[in-house]
Amino acid sequence: MFDLIVAAAGRGQRCGPGKSKLLRPLYGRTVLEWSVFPFLSEEGLERILVAVPPGDAETARVAERISDKVILLDGGATRFETVRNALAGVLADRVLIHDGARPFVSSRVIGDVLRALDGHGAAVPAVPLTDSVVEISNGCRPLDRSLLRAVQTPQGFHSGKIKAAYAAADGLDHTDDASVYLSLYQDLILTEGSPLNRKITRPDDLLVPDCRTGTGWDAHRLERGRRLILGGVRVPSEKGLAGHSDADVLAHAIADALLSAAGERDIGFHFPDTDDRYLDADSMTLLKETLEIVRKRGFVPENVAAEIICERPRLSPHIPAMAENLAGVLGLDAGRVGISATTAEGTGAEGRGEVVSVSACATVSKRKTDLSARF
Ligand code: MG
């Protein structure tokens, strides 16, 4: 059993004025929520003590919605004071202490710390330094980085010992809980941290992919005398799809999914069927032009998926060629293009062989920082 203390009372001055860095948006939630989510799947988690700035209703509201296990506490004037106060609320025999601004912590890092506590009073994740380092206290002296480690959170402790260390320490010169612990005890082990488990300190620390998902749907009538083209592949069939362009219903649905993911209008808007330029047009070319529109918005495709509903002919033998064509045009690995086909079991217009329809979805992404909020 263990309790979790989340230090969420800092003001984050290095992140500049404006909203607290813990409330910055990240993948549709906040930095604080992502900093706690990975702990929720750990067995043995009893209480989550979240220390928030006194009177900060917004941070409190965000912390409370994370889990029923959350207990809100007032933070102190310093991180030392915040953690010392929070330790008074710890009832489990082990405690993990985590920064509210480390949203990229993984289950692996957490699990390693918890397991290491079986044989040690304290366990702390750390990573080797990749940059060269110098000491600047007296001129500029190179240090041997192989002897140095950057220390992360969550830091794990046997509760009685970390409480005793905090009670004995004076609060000066301690930037983390491990240094408080080491002022009284020595049985601390370093576990393997992760370069990804960085603390959000500056605006560009939140430079992460901004992913969006979109959907598309299209249907075309089957008629004699037309070719059946799906994903740029000519499929032998007695009937083909009718339309202004080559009626490649698969390419159209995927194009619409990409456009909607990027927040754009649909293909009917961009490539109107009243425009003679698109008469009998190769829809794979339209898909290429769609990709340019999406790119102008700053997005690139991550993956696309589509389901074709077609009673006959049987499409299964042609699906690998369709996926390869689409992947080539979209600049994706073939594994990121998922095409499936099904029949409608004789029901509806598809089932009667009058129509082929396709529903598709697409994910696009761009790298961005939340600069709009003057972070
Ligand atoms: Mg169409």
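This report describes aromatic ring pairs, charges placed over rings, and cysteines in a predicted model.

Residues are numbered from 1 along each chain as its sequence is written, and side-chain values use heavy atoms, with hydrogens and water left out. Because the model is predicted, local features need pLDDT of at least 70 and side-chain atom pairs count only at pLDDT 80 or more, while totals for chains, interfaces and linings use all residues.

**Aromatic pairs**

Rings of Phe, Tyr and Trp (its six-membered ring) are taken as a pair if their centres lie within 6.5 Å, and the planes are called stacked when under 30 degrees apart, edge-to-face when over 60, and tilted for the rest. By this rule the structure holds 4 aromatic pairs. One of them joins Phe80 and Tyr166, whose planes stand at 35 degrees with the ring centres 4.9 Å apart, so the pair is tilted. Since Phe80 belongs to helix H3 (residues 79-87) and Tyr166 to helix H5 (residues 159-168), this pair ties together parts that are 86 residues apart in sequence; helices (H or I, at least four residues) and strands (E, at least two) are DSSP runs, numbered from the N terminus.

Phe157 and Tyr181 form another tilted pair, with 5.5 Å centre to centre and 40 degrees between the planes. Here Phe157 lies in strand E11 (residues 155-158) and Tyr181 in helix H6 (residues 177-182), so the parts tied together are 24 residues apart in sequence. Ring pairs also bring in Tyr185, which is linked with Phe157 and Tyr181 into a cluster.

The table gives the burial of these paired residues, where buried means under 20% relative accessible area, exposed over 50%, and partly exposed in between (1.4 Å probe, protein chains only).

| Residue | Relative accessibility | Class |
|---|---|---|
| Phe80 | 7% | buried |
| Tyr166 | 2% | buried |
| Phe157 | 0% | buried |
| Tyr181 | 0% | buried |

**Charges over rings**

A charge sits over a ring if NZ of Lys or CZ of Arg is within 6 Å of the ring centre and within 35 degrees of the ring normal. The charged end of Lys161 is placed in this way over Tyr185, 4.9 Å from the ring centre, and Lys366 lies over the face of Phe299 at 4.6 Å from the centre of that ring.

**Cysteines**

With a disulfide defined as a pair of cysteine sulfur atoms within 2.5 Å, a search of the whole structure finds 0 disulfides. For Cys310, the closest cysteine sulfur is that of Cys361, and the 20 Å between them is too far for a bond. Cys361 is likewise in no disulfide, as the nearest cysteine sulfur, in Cys211, is 13 Å away. Cys310 is buried, at a relative accessible area of 4%, whereas Cys361 is partly exposed, at 34%.
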